[in-house]
Amino acid sequence: MIPLFEHCPALQPQLPHTPLGEWTVPVERLQALEETRGLLGLTSLWIKRDDLSGDVYGGNKVRKLEFLLAEAQRRGCTEVLTYGFAGSNHALATAIYSHRLGMRSISMLLPQENATSVRRNLLASFAHEAELHHYRGFPEIAAGTVWQMLRHAVARGRFPMLIPAGGTNVLGVAGFVNAFLELAAQVEAGACPLPNVIYTPLGSCGTAVGLQMGARLLGLDTTIVPVRVIPELYANAKGMAALHAKVVKQWQRWAPAFRNLETSAGFAIREGVLGPGYGQYTQAGVEAAAMLREAAGIQLDGTYTAKAFAALIEDAREGKLDGKHVLFWHTYNGRDLSRVTEGIDYHRLPRAFHRYFETPVQELDGPLRGQSGGREGEAA
Ligand SMILES: *Cc1c(COP(=O)(O)O)cnc(C)c1O
């Protein structure tokens with residue numbers, strides 16, 4: 001049984017869940033980094049390896065999809081429709097795992113700065129039979145949603161289930177409440193100390209809100225540090241508090257155990273590492289990724305985890321983490337997708353996506369992936 005249902009059995013009949021990932025995800029000490037370059041002055045640095053959360057595709061979205069896709073199955077849907085930027089890890093994870101469950105996903109995508117990972121995710125989504133649509137902006141994607149919902153309802157006799165961007169809603173957040181309980185069980189078993197602080201990237205906010213809820217549920221005072229890597233419009237303390245309140249309200253209807261979660265402690269978002277914009281790699285991120293790659297052979301991505309890790313390093317160097325047990329929650333996929341994408345000609349994708357293959361990737365993409373070793377499934 002998953003830790004969330006063990007902790008709160010009343011939730012189980014209410015919250016559909018289907019196993020997709022590889023649990024328990026290991027937690028490891030980054031001892032080499034604690035000492036690197038006289039560096040961080042940290043005495044206790046750990047990493048939660050959600051990069052290994054799935055057998056073919058890992059990362060944080062697997063945890064959310066166990067609840068989201070279970071709901072789609074419960075409703076008898078054969079299709080799900082979801083959102084993201086062109087290189088969305090969430091859209092790809094949804095394509096892969098819905099396909100595995102015999103469903104099909106429709107990806108509604110917005111423009112993104114070009115990168116190798118954008119190409120790879122598009123090809124891998126296509127390989128898993130996702131239906132891909134590219135929109136220029138918000139009015140187009142809203143109109144596109146209405147059109148696609150109708151078109152698919154007519155073709156299939158039923159609407160696809162809508163999954164919001166990043167898989168963040170009342171169901172998806174459950175994945176990260178459960179994730180914190182999973183970590184707490186590891187702490188209990190002596191695998192690592194209880195973290196005083198957990199760093200994680202902040203996108204659609206489900207990861208950070210779920211982790212914080214998990215900590216509150218257990219009455220632990222672990223501080224979650226969500227590192228904003230997306231414009232404030234998408235991720236801000238107000239939105240996080242609203243999401244928290246919405247989840248708690250729904251869950252309270254299901255189980256009284258959630259009474260103690262009513263007030264969110266407020267979210268202290270770590271700002272300052274976004275750089276020029278979402279999906280635009282930064283020098284600090286490239287350097288942070290290189291440090292982790294050299295010390296532990298673990299690969300970060302430029303959009304999310306490299307920036308979040310850069311924030312951790314900066315804070316450590318400034319002495320803000322002295323004497324603390326620090327945990328970095330790795331949210332990016334660590335599985336090699338090259339076999340999935342090999343042999344797929346991008347010309348088979350809808351025309352609007354060709355430009356990602358016909359224009360160069362951003363300059364910091366190469367250094368981010370490293371010259372040797374640690375190369376994860378990038379498109380050839
Ligand atoms: C989606 C994503 C995030 C952001 O998680 P949210 O729950 O959306 O805030 C972080 N890292 C990676 C690699 C992601 O794909």
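**Close-up 1. Helices α10 and α11 cross in this predicted model.** The axes of α10 (residues 283-296) and α11 (residues 305-317) come within 8 Å and cross at roughly 85 degrees. Axes are lines fitted to C-alpha atoms, for helices over the stretch in contact; angles run from 0 to 180 degrees between N-to-C directions. The two helices are therefore roughly perpendicular (65 to 115 degrees). From α10, the contact uses Ala284, Gly285, Ala288, Ala289, Met291 and Leu292. From α11 come Ala306, Lys307, Phe309, Ala310, Ile313 and Arg317. Contact means heavy atoms within 4.5 Å. These residues divide into nine nonpolar, one polar and two charged. Nonpolar covers Ala, Val, Leu, Ile, Met, Phe, Trp, Tyr, Cys and Pro; charged covers Asp, Glu, Lys and Arg; the others, Gly among them, are polar. Helices (H or I, at least four residues) and strands (E, at least two) are DSSP runs, numbered from the N terminus.

Residues are numbered from 1 along each chain as its sequence is written. In this predicted model, local features need pLDDT of at least 70 and side-chain atom pairs count only at pLDDT 80 or more, while totals for chains, interfaces and linings use all residues; side-chain values use heavy atoms, without hydrogens and water.

**Close-up 2. Four strands form an open, parallel sheet.** The order is β5-β4-β3-β6. Strands pair if DSSP finds at least two bridges between them. β5 (131-134) and β6 (161-163) are the edge strands, each pairing on one side only. Neighbouring strands are turned by 20 degrees against each other on average, direction ignored. Four bridges join β4 (residues 104-110) to β5. Serine 107 has leucine 132 in β5 as its bridge partner.

**Close-up 3. The largest pocket has a volume of about 720 Å³.** A pocket is an open set of points on a 1 Å grid over the protein atoms alone, where a 1.4 Å probe fits, with protein on both sides within 12 Å along at least five of seven lines; lining residues have an atom within 4 Å of a point. Volume is the space filled by probe spheres set on the points, which are joined across faces, edges and corners. The lining has 41 residues; Ala165, Gly166, Gly203, Ser204 and Ile230 lie nearest the centre. β3 gives the largest share, three residues.

Conventions:
Parallel < 35°, antiparallel > 145°, perpendicular 65-115°, else oblique.
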